[in-house]
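Thanks for making time this morning.

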Amino acid sequence: MIQLDHVTKVFEAPGGERLTVLDAVDLLFPTGRAVAIQGPSGSGKSTLLALMAGLERTTEGRVVVDGQDLGALDERGRAAFRARRLGFVFQAFHLLQPFSALQNVAIAAEIAGVDRPLERAREVLRRVGLEGRLEHVPAQLSGGECQRVAIARAIVARPPILLADEPTGSLDPRNADGVFELLLELQRELGSTLVLVTHDPHLADRLQARVVLERGRIASTGGLA
Amino acid sequence: MRAGTWSYAALMAAREAARQKGRLLMVVLCLAVGFAAFAATYGFSSRVLNAVQAESRGLLGADASVSVQGLMPQALQERIQSDPAIAGLAQVVDFPTLGATGEGATEKARLLEVRAVEGAYPLQGRVVLQGGSTLAAALARGVVVEGALAQAWGLAVAPEGAVEAELLARGQALRLGGRVVPVAGIVEQDDARQASAFALGPRIYLGLPLARDLGLVTARARLSSRLLLNLRPGTEGEALPRLKALARSVSINPEGRPRPSGEAKARIQSHEEAAANPEGRPRPSGEAKARIQSHEEAAAQLAQPLRNLNRFIRQLGLLTLLLALLGSWAILAAFLDGRRRDAAILRCLGAPPELAHRSFGLLTAGLLLAGGALGTLLGLLAARWMPRALAELIPAALRGAAPGAPPILESLLALALLALMVAPALARLGATAPLALLRDGAEPPVPRRVALLAWGGAAALAAFLVLRNAPTLGAGLGTLIVLAVLLGTLAGLLRLQLGFFRRSAARMPLGLRLAFGQLGARPGVSTLVMSVMGLALFLLLAAHFVKADLVAPILQAKAGDGRPNVFLLDVQPKQVAQVRALAKRITGHELREAPLVRARLRAVAGRPVEEAAEQPKGDNGKEPSRGTQFRTREQNLTWRAKLGPAERLTAGRYWAEDGQPHAEFSLEEGFAKEIGARLGDELRFDVQGQEVRGTVTSLRRVNWQSLAPNFFIVAHPSLLSGAPALTIAALEAPDAPMRQALQSALARETPNVIVVDLAEVGAKVGRVLDLVNLVAAALATLMLASALLVLSASLLSSRLGRQRDVALLRTLGAGEPLLLRSLAWEFSLLGGAAALTAGTLAWIGSWLYARKVLDLPSEPSPWLALQLLGLAALLTLVVGFLGSWRALRAEPLAVLRGE
């Protein structure tokens, strides 16, 4: 369960100007639920994900994941939290360019402390349909394949939480659909909580719950209860 | 394996290394180039200097030596011989003389360095003869010649009992002192032989009794005599100070008789007395003292030319290393900055914050060590080859010396320097919030403290390295300033050029505009590549220009331009008429003569000149200042009624030709400055024991290029014309057969006259400078290689950006020719601008050096600069095209889609 208590995030611009990206947000993401986050650009969707991933600290309020207040963790603690309990999928894939698909996934497994990381990496790459592309580096893979590698990397440690920031935003509709389906399948298999930021209302409709943000505040929620 | 551990960081570093082989190999190669240059020069330098110490006995031929100018006084020899510490003694007399071989058309003559020996020479070290004969056995039969002379003249050992008259024609004898002496041995190895580049001519050995018999060893000016001493084991410590005290207490008078110090000065020989002396030669000037040197002290003196050479070579090596460090830093910093995105991804995946620092830190350390070790290894191998390549500059005994210790401390310091330079880039790896970086957020600055500490530390280490390897603090500071100014000037000028071209780009063709766009996109790397390349080219050009300035005037003298190209030294008064006639008959030219009187300067404006004989240069590792050397050496004086044709008055007035005596001196202005004399100052000279005083009434500027007999000190005729003098003469002998005929005739008729052929001197100086140039060129090539490696690495790290640019241009409709043109412009500008700037600086620098330091009219040829300009442009063009090939061939749409 991911709980956001009165979370506010303020960024300070270089000129001293303060920009409130999230303003007193209260949310509860039940365990195992697939939730879509929607909203216009600049509404705070990605920042919300970053706070849940422990990549940013709140200005006010708390982010509590399975009883653990992320604000109380130091840098090392938050890194360990991400390694073991979180999988993150980015819109721009963000694969390690010099490494093969297999190495990209294996490295994530090693960081998470997974036993026999290489075998596990092979297994999840097979699972995402890339058994024939294990030794290819990102430059030799298509966009859809890169995102499959990124998804494999996110689930390699069987994390209870999956965060995805526009995971299909860089893909053509056919690939986007395939990647989305894969993500949902894996979420169901793992029983993870999936929080997915998307602009696509059709994709959002296929998830169990939805949160709509506007100017850093919650405009509406549905299916979270 | 946990992600936060060092072992996991090492695993990540190993993976990174395996994946980035090409890029990282550039770093290793760039470092290896620098370390190889440094290790080679350092290894060579310490090898030779260590060998000088280790072989010091062999080089001196004894444990210690007693030396005097002129003949060794018998009494001094007896007093030294009676010292209880003496275990062995041999006498050596060195002097130059003309020697000849062959007869008629095959006759050859030249100046030789004669070493006349007596006793068990050498007491230490070896003189190995071809065929296994011993030196003593050979000297009992005749003369022993150096291998190089035997080869050049086709000399062979005369058979026992051969008829002397036939030997000369068969190349089995030499004519020395007007007589024929059979060749009895040819030297294969001589530990005591100095480097051939610093020798007057080939060496020959004679027995001292034979040399006396030939009339070559007399109380003449250019003899130097030594007693070589072997000391009883364990007595060196107490015997040397005792022998030195003995030498200090004995003054040598002109006849070579010792007398207690403080006794009335030796009488000066009058002109008449000198004329009456059987040899008709003047004595060494004034009083000199016997000088005792241990083998270590002698080694220090012998090492002096080597030390100067080593200083030059070592500084160049260090410069190459520093530039390679700069290049490696550029590649590493670009590489590490390129890995920031990956570090951010790892952080997002949950890697602990220290993982990136540790893994990239380990990778960097590994690269540094690999490059340093590879370079040092290659350098040490090169150091084994250098003594062979520079054989003419190194005494024979040192060429096979054991290698010196590798420069471990310097290498570690250099690695630490590079680590400090890279530290800010490593710090940046962890300084960005991961998500902000992945969203292409703004570049975070390096923490100010880290940057300050890192760059401050690096600058301090670089300065320390330069100062540590400099001969003196002043020279080190000078090197630092020159290096900083040169690099700063190069970098500044190149940036100015870039800026200027970019501003004028609007009026340029599209290809050129695109080229400037690419250069300007990475101004730091562009300037660095240009600066390193520019410095390499500067070095090559400056070395060439200076050599051309030094040697050209000497070589030009061959061309029959009216300037003399043969000097005759030590012409005795009674020989002048004979030599004059002989020269006229053979060359058709008149002699240009000047009298020469030897003297010692005793006081300048009432200030006594320091005693120099006890502290020769090189002792205690300290070299006397130039001024001290000028004041304390034996001076060559002449007298002239009026100014010579190559002289011009710059201050004061020259004496009038009124037939009246004037106690006046005229000094060359540079010399006056060195000895601290001004107009109106009184100079006091000791001319063979007699004091000669006079006032400086004029300063002159001398055109040394006239090659006429010119002097620093000219006296009024009334001051010196009564003193015994030798004649120095110069004449024109345009072609080599004429010079050879002159030498042969002089060797037959006046064998004591020394002939200096300027063509030979020019060739010798040219060879030395060629060797120095060889080292400079090798190091400059390494610098050039560093610059090209930096260029390759920068192309590699900017490949994606270049691919995008090319793809975009193609999408916009640019064709292949335009793209190729823009690349051609970009890379030829990179190399061309560097070469142009370096060439201009080198031209100006060498012009100033020749004019202001060497006082020569310099006209460096621009042709070499133009050739190098073309070469640099071509090299950068080739490397640039090779590095950009993949970017050119990439499919535009795939690149723009980010596939």
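In strand E8 of chain B, Arg203(B), Tyr205(B) and Gly207(B) point one way while Ile204(B) and Leu206(B) point the other way, and all of them are buried, where buried means that 20 or more other C-beta atoms, placed from the backbone, lie within 10 Å of the residue's own. Helices (H or I, at least four residues) and strands (E, at least two) are DSSP runs numbered from the N terminus, and E8(B) covers residues 203–207. In a regular strand, as a reminder, the side chains alternate between the two faces of the sheet.

Before I go on, please keep in mind that this is a predicted model, in which local features need pLDDT of at least 70 and side-chain atom pairs count only at pLDDT 80 or more, whereas totals for chains, interfaces and linings use all residues. Residues are numbered from 1 along each chain as its sequence is written, with chains lettered from A and ligands numbered from 1 in the order in which they are written.

Which strands pair with E8(B)? Strand E3 of chain B, residues 108–119, pairs with E8(B) in the parallel sense over five bridges, pairing being called when DSSP finds at least two bridges between two strands, and within that pair Ala116(B) stands opposite Leu206(B). Strand E5 of chain B, residues 143–146, runs antiparallel to E8(B) and is joined to E8(B) by two bridges, with Val144(B) opposite Tyr205(B).

Turning to chain A, we have seven helices and ten strands, and 51% of the 225 residues are buried. Six of the strands form an open sheet of mixed pairing, in the order E6-E7-E8-E3-E9-E10. E6 and strand E10 (217–222) stand at the edges, each with a single partner strand, so one side of each is left without a neighbour in the sheet. Inside the sheet, E7(A), residues 161–165, and E8(A), residues 193–197, run parallel and are joined by five bridges, and Leu163(A) has Val195(A) as its bridge partner.

Now to helix H3 of chain A, residues 101–112, whose twelve residues reach 17 Å from the first C-alpha to the last, close to the 16 Å expected at 1.5 Å a residue, the expected span being 1.5 Å times one less than the number of residues. Is this helix mostly covered or mostly open? Eleven of its twelve residues are buried, so to speak a mostly covered helix, and among the buried ones are Val105(A), Ile107(A) and Glu110(A). They pack against helices H2 (75–85), H4 (117–127) and H5 (143–155) of chain A, together with helix H1 (6–19) of chain B, contact here meaning C-beta atoms, placed from the backbone, within 7 Å. Just after H3(A), Gly113(A) takes a positive phi of about 80 degrees.

That brings me to the contact between the chains, which takes 25 residues from chain A and 20 residues from chain B. On the side of chain A that touches chain B, H2, strand E6 (86–89) and H3 each supply at least two residues, and H2(A) gives the most, with seven.

Last, the largest nonpolar core has 205 residues, and Val105(A), Ile151(A), Val532(B), Ala536(B), Leu537(B) and Val790(B) touch the most other members; such a core is a set of buried Ala, Val, Leu, Ile, Met, Phe, Trp, Tyr and Cys residues joined through C-beta atoms within 7 Å.

Conventions. Two residues are in contact if their C-beta atoms, placed from the backbone, lie within 7 Å.
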